[in-house]
Amino acid sequence: MFRKIGIILFLFLNVYLFSFGQADMTGKQLSLAEHAFLDFITTDSINDLSLDIFKDNLRFGVPNKLANGISLLKKKNKTYLQLLGSGRLYQIQKQGKSQYEFIRLDSTFYFGSNFGSINFFYKDTLFKLGGGGFWKITDYFTFFSTKTNEWELISSKKGIPVYQSPENGVVFFIDQLNGKFYLSNSINQLDFPASLNTSYSDTSRVFDFKDKTWKNLGKINPALKEKLQNSIGLKTTFGPYLVFHSDLEMRWLNFSTNQFGVLTKDKQAEFREKWLKLYKGLPEHLFQFTMGNQFYLIRIENNGALQYESVELNSKDFIDPNAQPIYSNSFIGSLLRNIEPGRPIIGNVFIVLMVLLIFSLYNKKIKKKNTPIEIQSILYKNFYSALTSIEKDLILSIYELQIKQEQISIKAINKIIGVQQKDTITQNKSRSDYFLRINQKFKLATRANELLIVKQREETDKRIYNYNINPIFMDSMKALILNNQ
């Protein structure tokens, strides 16, 4: 009897999920701005385009509970929509001007396991890497099979956990010619399943589709890492370059040559002039991306009125005499890159261990020296100036409550960092990421051995963490906060 009831409930659940998946997109009435955006990109039937959009005002009917963003992919004259948070893949078929039909291509049921996944076309196949969900960060590739209409697993000798969001600065690039996928850094879970704490790896990597192996390239340049986290808008590609901008400055990086820099002065001037002209009074919708040899700046009003400016690009615009390396090729780094699971390192292991031992002893000896008070004051000021306004507000709020012997609530933290309306998983990750960045900046700037922000489990509820300023730094934080108010 119970077995029959269980089977009926299982079938009912499957029918419910299937009907929900089919109904959430088909027949959706697009907004005027969404119509205008699709009209613009589909006029080009030659060039490819790949955009990861996390904005709520351009979702094409995808609910937040189903996906934290969308991948809009154009392969010449075909346009696809992949939901970041599920396996659902749609082809957007144009029926006429401002008339589109969403045709679901996959037959998957799962959702919630790959928020922020990285989607890209390699040749004519759509691939997916990583993503977060169900308290776990995914570390493998899948590809969409046109035969089974399912996402099939790609086996590799090593997994790299990663997900992308507007804040974490993760970037990637697919080298179509040489079959290599470049990744800026990965995101690791520290003590899963005890907690959802994460840490950002500083290692840049490359995946070779020929032998399906990952290779460590080196430690990512801190200067580049900061620029990526502060970058605005979408990351886009032009030939071998990834193009982005921050502080009204167009930047590029080239993984194959291990360089990043800025575009030439005349292109910078043209870009700024057109940006300020088009975005005087910021609209509800603004996007920038490269399609073909044109870098487009798009402005769309809610009534569907679209304006744009474009900057023509060529290879000469990417010559920068002051270009810097994306990742370091230090001696120690090159030795460490030999340590890969599944690769023989017996010949190098003794040298590697000796170098690491000497480096560790030397590093500890340096750290034992006391820093003069004058120097320490300068280092603390450097730390404070490196903080974003949100990070400063977070430290100030914790400090003010802590001197009253009170705890800052999780709700208050979520409000400060702007995720109070997000789902629980996103809130947890965002809190962890903010405190991780604060502690990293503090350690790098002040050379301290201890963390600035420490956390401990709530005694009455072990599922909740309390965040406090480390007591040994309270006096220093007091002086720093008072001097900057």
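In this predicted model, K267 forms a salt bridge with E270, and the closest nitrogen and oxygen atoms of the two side chains are 3.7 Å apart. The two residues stand three positions apart in helix α4, which covers residues 265-278, so that about one helical turn separates K267 from E270. Taken together, K267, E270 and K274 are linked in a network of salt bridges.

The accessibility of these three residues deserves a careful look. K267 has a relative accessibility of 11% and counts as buried, and K274, with a relative accessible area of 19%, is buried as well. Because the limit for a buried residue is under 20%, K274 at 19% falls on the buried side.

The structure holds 11 salt bridges, and another of them joins the side chains of E391 and K441, with a distance of 2.9 Å from N to O. Here the partners belong to separate helices, E391 to α8 and K441 to α10 (residues 424-446), so the pair ties together parts of the chain that are 50 residues apart in sequence. Is E391 buried or exposed? With a relative accessible area of 1%, E391 is buried, whereas K441, at 22% relative accessibility, counts as partly exposed. Helix α8 spans residues 389-402, and besides the salt bridge to K441, the side chain of E391 reaches the backbone nitrogen of T388 at 2.9 Å. This side chain therefore takes part in a contact with a backbone atom as well as in a salt bridge, for which the cut-off is a nitrogen-to-oxygen distance within 4 Å.

Helix α10 also holds N439, a residue that counts as buried at 10% relative accessibility. N439 and L451 are 12 residues apart in sequence, and their C-alpha atoms are 5.8 Å apart in space.

Two further pairs can be described in the same terms. L234 lies in strand β18, which runs over residues 232-238, and is buried with a relative accessible area of 14%. Q29, by contrast in its accessibility, counts as exposed at 63%, and is placed in the loop between α1 (2-23) and α2 (32-42). For Q29 and G61, which are 32 residues apart along the chain, the C-alpha separation is 7.8 Å.

Loops also carry two residues whose backbone angles call for attention. N258 is found in the loop between β20 (249-254) and β21 (259-262), and although N258 is not a glycine, its phi is positive, at about 55°. At 11% relative accessibility, N258 counts as buried. K123 likewise has a positive phi, near 60°, and is a residue other than glycine; the place of K123 is in the loop between β6 (118-122) and β7 (125-129).

K123 leads on to the surface. Which residues gather with K123 in a patch of positive charge? The patch on the surface is made up of K123, K180, K210 and K215. Of these lysines, K210 sits in the loop between β16 (203-208) and β17 (213-219), and is exposed, with a relative accessible area of 71%. Membership in such a patch requires a relative accessible area over 30% and no salt bridge, so the lysines gathered here are set apart by that rule from K267 and K274, which are linked with E270 in a network of salt bridges.

Key:
Residues are numbered from 1 along each chain as its sequence is written. This is a predicted model: local features need pLDDT of at least 70, side-chain atom pairs count only at pLDDT 80 or more; totals for chains, interfaces and linings use all residues. Side-chain values use heavy atoms; hydrogens and water are left out. Helices (H or I, at least four residues) and strands (E, at least two) are DSSP runs, numbered from the N terminus. Buried means under 20% relative accessible area, exposed over 50%, partly exposed in between (1.4 Å probe, protein chains only). Patches are made of residues with over 30% relative accessible area and no salt bridge: like charges are joined within 9 Å, nonpolar side chains (Val, Leu, Ile, Met, Phe, Trp, Tyr) within 5 Å. Accessible areas come from the Shrake-Rupley method with a 1.4 Å probe; for residues, only the protein chains shown count as cover. Lys and Arg count as positive and Asp and Glu as negative; His and the chain ends are not counted. The place of a charge is taken as NZ of Lys, CZ of Arg, CG of Asp or CD of Glu. A polar contact is a pair of N or O atoms within 3.5 Å; within protein, one must be able to donate a hydrogen and the other to accept it, and residues adjacent in sequence count only if both atoms are side-chain atoms.
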